[in-house]
Amino acid sequence: MKKLKLIIICGFVLGLLNSCTKDFKETNTNPNKTIVGMISATNMFEPILYNSANNWIEDTWYYNDELIQFTAHTGGITRREHLYYLEESRDWGGFWNFYANYGKNVDHMHELAVEENDKSLEAISLTFKVLFFANMTDMFGSVPYEEAFSGRKVGGTLTPKFNTQKEVYEFLFQDLEAANDIYATNPTFLLPSMDGMYSGNMASWRKFNNSLYLRLLCRVSGRSEMNVGTKMTEILNNPTKYPVFTSNADNATVKFSGSDPYINNFGTTTESDFTKSGRKLTRQLIKMTVVTDQNGNQSYVDPRLPIIGKKNTVVADNPYNIWIGTKSGCTNAEMNTVDKGTSWLNYKIFCRKDATSTYMDYAEIQFIYAEAALKGLISGGVSAAKSYYEAGVRASMEKWSDLGAFSETPTSITSAQVSTYLASPLGSWDLATNKEEFLGNQKYLALFWVGMEAYHEYRRTGYPVLTIGEGATYNDNIHPTRFGYPPTTMSTNAVNANAALSDMGGANDMKTPVWWSKQAIR
Amino acid sequence: MSWANVGNDTNPYSLDQYYSAAAISGGYTLPSTIMDPMIKPENVESWELGLETKLFKNRLGFDVAVYNSSTTNQIIDVDVDPIVGASLMKVNAGEINNKGIEVAINATPIKTKNFTWNISANWSKNWNKLVKLNDNRDVTTPLETDMGTTIGGRLHVYSYVGKEMNQLYGISLKKAPEGSYYTDSEGNQVDCSGKLLLDSKTGLPTLNSTADTFLGSVNPDWKGGLNTSFKYRNWTLNMAFSYQWGGHRFSVTDGILAYQGKLKNSLEGRYDGIVAEGVNMVSVNEDGSYVCKENNTITNSIYTYYQALTLDRYNGEAHTFDTSFLKFKEARLEYQIPETLCKKIGFLQGANIAIFATNIFSWDNWPQFDPEGGMMQGTNVFNGIETGAFPMTRSYGVNLKLQF
């Protein structure tokens with residue numbers, strides 16, 4: 001009996017020992033979730049495309065338009081972006097995390113695509129990577145590129161070193177070349193129905209890739225060591241090797257179907273939240289789009305303005321039914337006065353479940369060529385610049401004309417109206433005294449609602465010349481030259497971040513110019 | 001005397017990396033947390049030394065305890081820079097130390113045939129310290145407890161390595177720096193460092209642009225409770241109090257109500273402006289201190305003065321308050337129906353009737369409802385910030401208990 005007891009106990013103990021490690025792996029694997037690496041690249045595509053497109057216009061509305069004085073939140077003091085009140089973790093961190101987050105997913109889509117030999121998504125990953133990284137470096141200056149996203153991989157680093165903006169641009173050009181080479185093999189997009197931008201048409205993706213190339217070249221064109229003219233000329237003269245956008249049909253525009261979850265960022269935003277209680281069109285924008293005669297009458301209006309914006313319809317505030325802009329950077333004391341009767345964004349155009357989001361459009365290409373011709377980077381000189389310019393305006397007008405259909409009273413812009421504009425004091429090339437400034441101003445208008453582009457371009461060219469309001473005290477009345485590195489970066493990667501800052505020659509603030517900016521080159 | 005070493009594990013399925021499913025069906029994104037397959041369990045090592053004494057036939061009792069507990073290998077999600085491919089990483093990190101003392105006294109000062117008075121009180125004090133954080137983290141940057149997006153960069157609850165945890169930092173109004181002075185009407189130099197700086201033209205103060213003014217510690221200095229009961233024949237009166245000394249909290253409720261002008265504190269000067277107490281800067285000395293003069297400018301905009309400056313909801317200094325309190329938590333008066341009466345009724349073994357009230361009073365400096373209300377986010381309570389906490393509800397009642 002005693003022996004039997006002993007055997008039972010021994011058996012029990014042995015059983016316990018055994019079960020300790022048995023099925024360890026299986027027990028610790030969640031059966032309801034997918035382990036990283038077990039999906040195909042196509043599973044990554046839609047969230048990247050649609051969600052980033054929505055983030056894109058959110059930032060345009062929230063930051064770009066306020067910083068660059070398309071709009072100013074003078075309907076109250078809850079938002080102070082137009083006063084340059086930008087918080088370290090919320091605003092700086094918000095941008096940093098946005099680009100880094102999409103960057104990491106794009107990086108992973110690239111890994112998976114390479115593994116599966118999915119050539120189309122391999123190329124698209126590279127194009128997207130450039131899109132996110134270019135914006136990241138434009139916002140922050142030096143950023144980690146070579147060692148980015150390695151933290152979750154074996155042997156990776158949690159403290160990536162930063163690359164200078166020049167290095168980042170050189171890498172991005174390599175990525176664009178590599179992507180263009182893959183596009184040239186005409187790969188097949190496996191599930192065209194997923195592609196809310198080009199329906200799987202790889203020729204269009206290729207045009208986007210190379211158009212982005214032009215945008216980046218233009219951005220660094222002030223840096224003579226980059227030899228931008230040579231590459232631009234090569235692209236211009238070689239449309240078979242480097243096809244770019246040739247019409248608005250090629251625009252990098254994400255289309256939302258309007259049924260959940262494919263809904264535009266502003267699909268359910270109310271007019272009050274979107275514009276009426278906050279963001280109003282500015283004096284700057286009205287000044288650039290409306291001609292006022294000697295008698296004070298608004299005699300001519302840029303045909304895009306009634307599509308982008310909407311007059312204030314409160315008769316008591318706007319008795320003469322005119323376009324009134326608010327003062328960006330106003331002080332708290334003058335807020336009520338300057339906000340009175342001011343124009344709104346055209347809610348019906350932007351706040352639709354199936355409204356689109358544009359990464360880049362055809363007009364921008366023409367403006368890039370116009371500037372390059374004017375500055376002698378490509379051939380043709382002033383006369384070529386004029387015709388590129390006019391093509392750019394025409395493209396921009398056509399783009400907004402199509403959207404005019406969604407206005408309260410549907411409008412469109414006829415070809416004759418465009419010609420009138422091009423002869424008017426607002427749009428006439430020949431009447432402009434300073435062609436460079438004129439082009440900068442016109443590009444600014446054409447970049448309305450295109451990402452953070454107007455903000456980037458302002459720092460590059462200095463146009464349009466903005467009036468910084470007395471109330472914009474949060475950055476000591478200095479237009480933010482860049483966004484600072486967020487607190488997480490400064491606390492977890494201090495050595496590298498500080499090295500990058502001293503390399504850029506400034507503190508971690510919004511006053512240090514980025515490498516390609518006018519201020520840095522001067 | 002006791003010693004304990006306790007291990008703690010983490011959530012299941014914390015070894016592998018899993019995709020997050022996107023709202024778009026079939027769409028996936030990378031996880032935000034980097035997992036560590038070699039993660040170790042948490043470890044809490046603590047010892048406690050206690051002494052319990054009873055004197056005078058149990059009429060007086062003391063209970064004193066000191067403790068020290070050290071938590072190491074904590075499993076926490078630390079922030080990593082998203083550029084490395086994730087925003088969090090699960091690690092064994094850090095060491096938090098808690099030391100403290102707890103004292104309790106029980107006494108029965110009066111005990112006669114018909115009357116008994118019992119009193120018991122306790123008092124405790126805790127010292128905590130963040131001993132270390134995860135490796136390769138810059139120690140000059142504090143650990144910040146996540147406070148959600150509404151507070152953002154204008155108020156921080158920081159814990160510095162080597163220091164007491166949970167310290168409040170926020171935006172304040174600009175003050176005259178150390179060593180500043182002004183000359184009064186009799187020609188005396190008066191030190192005015194720390195006084196409010198006001199613009200001599202507008203009469204308005206200025207808000208600092210960064211949230212780096214120390215506002216106070218979240219942790220109370222000490223806290224305790226008191227219970228007392230009086231028994232006279234069949235009557236019993238019980239009372240309970242709780243108290244706390246020290247500690248600070250930022251009140252979002254106060255910020256919102258104040259900057260919208262819904263509180264009495266923006267009444268003064270509403271129609272004719274006020275001359276705020278403070279100084280105007282005249283010039284700057286070489287050492288950075290200011291030569292000042294007393295302010296006598298009337299505010300040019302009382303609206304700006306209150307709404308955007310002194311009571312601005314971004315102004316952490318204006319809405320952070322001491323959380324000391326003394327609360328009269330409960331009172332209960334009970335009458336035990338005499339046994340003789342019960343016996344007469346026949347079927348009753350015993351009966352008592354009581355009236356009671358809870359949350360009767362709170363003596364504190366907290367301008368809004370309850371100095372004990374923190375902020376809830378998920379299952380975490382953040383003590384440093386109060387956002388729309390509900391007031392305590394006072395309740396009254398009658399209680400009848402019958403035993404058959």
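Colleague: How many helices and strands does chain B have?

Modeller: This is a predicted model, and in it chain B has 3 helices and 26 strands. The radius of gyration of chain B is 29 Å, well over the 22 Å that the globule rule gives for 404 residues, so chain B is more spread out than a compact globule. Along the principal axes, its C-alpha atoms fill a box of roughly 90 × 70 × 50 Å.

Colleague: What share of the residues of chain B count as buried?

Modeller: That's 25% of the 404 residues. As for contacts in chain B with a separation of 6 or more, 67% come from residues 24 or more positions apart.

Colleague: Okay, on to strand pairing. In which sense do E18(B) and E19(B) pair?

Modeller: A general idea to start with: side chains in a regular strand alternate between the two faces of the sheet. Here, strand E18 (residues 279-284) of chain B runs antiparallel to E19(B), over 5 bridges. Look for B:Met281, which stands opposite B:Cys292 in E19(B). The two strands form a hairpin with 5 residues between them, where B:Gly288 takes a positive phi near 95°.

Colleague: And which sense applies to E12(B) and E19(B)?

Modeller: Parallel this time: strand E12 (residues 181-183) of chain B pairs with strand E19 (residues 290-294) of chain B over 2 bridges. In E19(B), B:Val291 is the bridge partner of B:Tyr181.

Definitions and conventions. Residues numbered from 1 in each chain as written. Chains lettered and ligands numbered in written order. Predicted model: local features only at pLDDT ≥ 70, side-chain atom pairs only at ≥ 80, totals over all residues. Pairing = 2+ DSSP bridges. Helix = DSSP H or I, 4+ residues; strand = E, 2+ residues; numbered from the N terminus. Rg over C-alpha atoms; globule rule 2.2 N^0.38 Å. Buried ≥ 20, exposed ≤ 12 C-beta atoms within 10 Å, placed from the backbone. Contact = placed C-beta atoms within 7 Å.
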